[in-house]
Each structure stands twice: as C-alpha cells, then as structure tokens.
Amino acid sequence: MDEKFLTKKANWVRDEILRVCIPNGAGHIAPSLSCVDILTALYYGNLSYRVGELQWEDRDRLIVSKAHGVYGLYPILVDLGIMPKEEWDNYYKEGSRLWGCMEQDLEYGIEAGCGSLGHGLPIAVGLAFGAKLQGKSYYTFCLLGDTEMEEGTTWEALQFAVKHSLKNLILLIDKNGLAAMDHIINIMDKDKNDLIKRLEGFGLSPIICPGHDVAKLANYMKMAKETKEDRPQVIVADTIKGYGLKCMEDMAKFHFRIPDENDLKMGKTY
Ligand SMILES: [Mg+2]
C-alpha cells in the first residue's frame, strides 16, 4: 500500500485531533493519538464499505471497543464524506451529537456504542459468529486497548471465537502499555509479554507490529484478511500513548488532560 499516502493521512488525522479537541476541551487526546495509525490503515486500506450505502449488508464491521479513542475516527469519517465537517468541529460542545465515548450511529457507519471497557469484543464475536452461520463473507474488526485485555468478558468472548474457528474476526490491539492512571506493568501484568503469552495460550498467533508504521499495519491487516488459518487473527500494535506530542508521549497523567500552552511548546514528533 502507498506508504506516503497513508502517512500523510495519519498525520492529517493527528493535526485534526489537536485542532478540534484542544479548544473544545475534549480530554481523551492521548488514547486517541495512540490508535490513529491503526484506524488510518484500516479505513484507507482494508475496511470494505460503501460511503453512499453505509448499511450495505456485506460491509466489513468495525467495533471500536476502546471507544474513548474515537477522536481518531471522526476526522476520517469527515474526510470520507460520511460525517459533515461541522459535526466534527463542534465535537464535545454542548448540544453536540458526538459524545466523549462512541455511541452507535448508523447514519455515520458507527456499528456499536462502547466505552465501558471489555464489551466491544463480545459484540464483535457475535457479529463474526452470525456472519459464519449465515455464510456471509464480511470481516469483523475489533479495536481494543491493552488495559481492556485484562477484562474477563474479553477472554470469554475470545474463548468462544477460538472454539468456533472465527477466521472472519480480526482483533486490533492498541498496546500502549498504559491504563488510565498508570502503566499496566504496575497494575496487572508481571512482565511486558504477558498479553502475548495469554493470547498464545488461547491458541492464537498474534502478529506484533510497530504501532505507528501505518503502511506496515495496513499490510498486516491485509494478510490477516487473506489468511488460510482457521482461527481469529490478532494484530498487536506496539503503540505510544499520546503519540505525536512530546509532552504527552507515554505519560499517564495525560489520559484525560488537555495540554496547555507550555506543554504544546515542547512540539510534535511527527
Ligand atoms: Mg492502553
């Protein structure tokens, strides 16, 4: 896939997040910056959809389980002509239709509301299982944060997906190593490979990808769709929370904090 095109798009999305969210006071900037490249690789390279027919029956489904990362999605929907720019410009302002976490909005192609973490994958597994039962060929993608990979519901859903050989299910895990308040290594995991080991224990072979190499992410997604393996596919994107802003990168305190003028003076990293 065209690396220059994808990189330009991802950088534009980052710029849009900062342009809209800082003045509007929308706080989840860091977890959104974390997954910009994943969403860009998906929408501009791998997700099958029709802009003029969003409810097309054979479209690929996307469930954004880490729904507070939605700031990365809205500019893409604007760019594709799915959402009016004014809607995005007014994001998080009083009276706005767009909320801090994602609500289901079929008019904008948003399949499910999430936000209480650990619920997106069960929805995605249901969609993938339904597709298999009906002999449909579409794929279901699920974007998850690494902290919600500590949730019991996630593993129960995954156990079912493995049992039923749901090869039409693709997990995209935004592994930034941070939860809302601290690094995961200080909360739940014993070492940094715990997530990978757990996935392998469920009979999966996660592909680990640099989380801000948008072209590589796009290629891995393509490979996941084309696999002959009879099991769910998992891409673990090694990301940096707050990627793109020097003040914010890998800093727990910025989970829901707006950078001030002095923070922004530190500059960008893209
Ligand atoms: Mg995280």
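View 1. Helices (H or I, at least four residues) and strands (E, at least two) are DSSP runs, numbered from the N terminus. The model is predicted: local features need pLDDT of at least 70, side-chain atom pairs count only at pLDDT 80 or more, and totals for chains, interfaces and linings use all residues. Residues are numbered from 1 along each chain as its sequence is written.

**View 2. T154, A157, L158 and A161 of α7 are buried.** Buried means 20 or more other C-beta atoms within 10 Å of the residue's own; exposed means 12 or fewer; partly exposed is in between; C-beta atoms are placed from the backbone. Seen down the axis of α7, the buried residues fall within an arc of 100°, so they line one face. The arc is that of the directions from the helix axis to the C-beta atoms. Exposed G152 and K163 sit on the face turned away from the buried side. Just after α7, S165 takes a positive phi of about 50°.

**View 3. Five strands form an open sheet.** The order is β1-β2-β3-β5-β4, with parallel pairing. Strands pair if DSSP finds at least two bridges between them. β1 (61–64) and β4 (207–210) are the edge strands, each pairing on one side only.

**View 4. Strands β1 and β2 (residues 140–145) run parallel.** Four bridges join them. V64 has L143 of β2 as its bridge partner.
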